[in-house]
Amino acid sequence: MTASIPQTAALQVENLHKSFAGIEVLKGVSLTAEKHDVISIIGSSGSGKSTLLRCMNLLEFPDSGRLRVHGEELELTPNHRGVRSRRFQRQIERVRSRLAMVFQSFNLWSHMTVLENVMLGPCLVLKRNRIEVEAQAKKLLARVGMLEKCQMYPDCLSGGQKQRVAIARALAMDPEVMLFDEPTSALDPELVGEVLLVIRELAEEGRTMIMVTHEMRFAREVSSKVVYLHQGRIEEQGSPEQLFNAPQSDHLRRLLASQY
Amino acid sequence: MMDILTRFSGQLLAGAGLTLQLTAIAALLACALALPLAIGRCSERGLLRWPIRLFVSFFRGTPLLAQLFLVYYGSGQFRLELSQLGLWWFFRDPYYCALLTFVLNSTAYQIEILRGGLRAVPYGQIEAGVAMGLSRCNQYRKIILPNAYRIAFPALGNEIILLLKGSAVVSVITLFDVMGQTRRIFSQTFDLSVYLWAALLYLLMTSAFVWFWHRLELCLTRHQRVRQAPSTATAPASKRVSAGVSP
């Protein structure tokens, strides 16, 4: 742990390693998200972007490395993948509850209404009062423009609507950091805009966010920092202007050329 | 033909009562037992998984009648030991023996049905719960089981119907269910039509059950059908048709 890194970092990963079946996907990635940072992780497919994001809230368990969320630190070693102590499991759950995740495929609970989807986390994980939670959930749904559909089931919604509900569900946890895993990749082109609009608003109000995305133009507009991942390593990082206007790495140059 | 029915309807109905009672109690007890065992069956720990697999393969792989004989007549071989354990009152009674057999048999089937349901829960939905910090218990309570039971629902209904019909074997260990009553009536009258009435009675019971189960299923899966008015009212006609509310 270097002393120069301030303790206020919202989320910090250090030297993450992760292999799947002997293939090393992450080869020592370190990344710090300060409060109000909007970090975009870009890279070609297979570069480990999604794995990195999923390691941050331990949906994938890293083989080694450290994770620090708002002062709480987890030392990750491979033997934590099997049986875990109850205390460690609690700690993991606590860390996860501070990091809300928005998935590429929405992953709304299909047997619950929109409102129930948004209310479940605050009620059961944060153990907050149901009436308060409902009021807050409705406020959040209104924000993403989904209030009038709050009694409907996810199967009745379009992809863009589902993703907006998923964002409301994530917001309801009042998270330290929001993680977006390619939030628009599963959407029809005409539905991408409505979701990006919501994410942009969140960025502007100062939410700390880390997102994996293929929307280069969007990444350039909203990010405070862009990270380019290549073959499991961070090859380049910096401000969007730096990365998009003057990329240093050949790989990144090639990726950007293919996009525009 | 009708006179058989009028003369013996009381006995046949009493038999139907016993059939329904045995089926209902066995199905409910099996349902309660199958859930933890199905979860154990899906466990990664072999020590938990293997005994359950063995249990399932035995009770699925042997005839119900053979199981019933094993429990009822087999326990007679151990009368002394069972008496010492204070369990003889249970194994002496053909009703309890039948119930025990049915519970074990149906549990085995329901374990496999539920296992299928548990495995078919969309992984993304579980992951959404995990990512939120939901505890394992709440994941099961709110996400995994509601999904698994909905997926397993038709197959569970099927299993209960099989159990109801299979319960006819109790007539050979002196219980007077529908089949037992029918055999008795036949031995008194030698009128074959009583078997027809018995068959119709079974059909009536299963049909009523199918109707009930279907209603329950409609209620449980409303989230897959209800495309409510607010959204469809403004949707183009073509969409409204494809999203039509089912009868």
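This is a predicted model: local features need pLDDT of at least 70, side-chain atom pairs count only at pLDDT 80 or more; totals for chains, interfaces and linings use all residues.
**Interface**

Chain B brings 26 residues to the contact and chain A brings 27 residues. Together the two chains bury about 2,300 Å², and carbon and sulfur atoms account for 61% of that area. On the side of chain B, 28% of the area buried against chain A comes from Ala131(B), Met132(B) and His223(B), more than from any other three residues.

The rule finds one salt bridge across the interface of chain B and chain A. Its partners are Arg54(A) and Glu127(B), with the closest N and O atoms 2.6 Å apart. Six residue pairs are in polar contact across the interface of chain B and chain A, both residues being at pLDDT 80 or more. Helix 7 (123-131), helix 8 (136-166) and helix 11 (222-225) of chain B each give two or more residues to the side that touches chain A. Helix 8 of chain B has the largest share of that side, with eight residues. By type, the residues of chain B that touch chain A are eight nonpolar, eleven polar and seven charged.

**Helix 7 of chain B**

Helix 7 of chain B is mostly covered, with eight of its nine residues buried. Glu127(B), which forms the salt bridge with Arg54(A), is one of these buried residues. Ala131(B) is also among them. The cover over the buried residues of helix 7 of chain B includes elements of both chains: helix 1 (49-56), helix 2 (86-98), strand 6 (99-102) and helix 5 (159-172) of chain A, and helix 8 of chain B. Just after helix 7 of chain B, Gly133(B) has a positive phi of about 90°.

Elsewhere in chain B, Arg53(B) belongs to helix 2 (residues 46-61). Arg53(B) counts as partly exposed because its relative accessibility is 35%. Its C-alpha atom is separated by 23 Å from that of Pro154(B), a residue 101 residues apart from Arg53(B) along the chain.

**Strand pairing in chain A**

Strand 1 (residues 11-20) of chain A pairs in the antiparallel sense with strand 2 (residues 23-33) of chain A over eight bridges. Within this pairing, Lys27(A) in strand 2 is the bridge partner of His17(A). Two residues lie between the strands of this hairpin, and Ala21(A) takes a positive phi near 50° there. Strand 1 of chain A also pairs in the antiparallel sense with strand 4 (residues 64-69) of chain A, over five bridges. Here Val13(A) stands opposite Leu67(A) of strand 4.

**Salt bridges**

Over all chains the structure holds 15 salt bridges.

| Pair | N to O distance |
|---|---|
| Arg54(A) and Glu60(A) | 3.1 Å |
| Glu73(A) and Arg66(A) | 2.5 Å |
| Glu221(A) and Arg200(A) | 2.8 Å |

The pair of Glu221(A) in helix 7 (residues 216-222) and Arg200(A) in helix 6 (residues 189-204) of chain A ties together parts that are 21 residues apart in sequence. Glu221(A) is partly exposed at a relative accessible area of 46%, and Arg200(A) is partly exposed at 28% relative accessibility. Glu73(A) is partly exposed, with a relative accessible area of 27%, as is Arg66(A), with 28%. Arg54(A) and Glu60(A), in contrast, are both buried. A network of salt bridges links Lys35(A), Arg98(A) and Glu176(A).

Methods:
Residues are numbered from 1 along each chain as its sequence is written. Chains are lettered from A and ligands numbered from 1 in the order in which they are written. Side-chain values use heavy atoms; hydrogens and water are left out. Contact means heavy atoms within 4.5 Å. Buried area is the accessible area (1.4 Å probe) that two parts lose on being put together, summed over both. A salt bridge is a side-chain nitrogen of Lys or Arg within 4 Å of a carboxyl oxygen of Asp or Glu. A polar contact is a pair of N or O atoms within 3.5 Å; within protein, one must be able to donate a hydrogen and the other to accept it, and residues adjacent in sequence count only if both atoms are side-chain atoms. Helices (H or I, at least four residues) and strands (E, at least two) are DSSP runs, numbered from the N terminus. Ala, Val, Leu, Ile, Met, Phe, Trp, Tyr, Cys and Pro count as nonpolar, Asp, Glu, Lys and Arg as charged, and the others, Gly among them, as polar. Buried means under 20% relative accessible area, exposed over 50%, partly exposed in between (1.4 Å probe, protein chains only). Two strands pair if DSSP finds at least two bridges between them.
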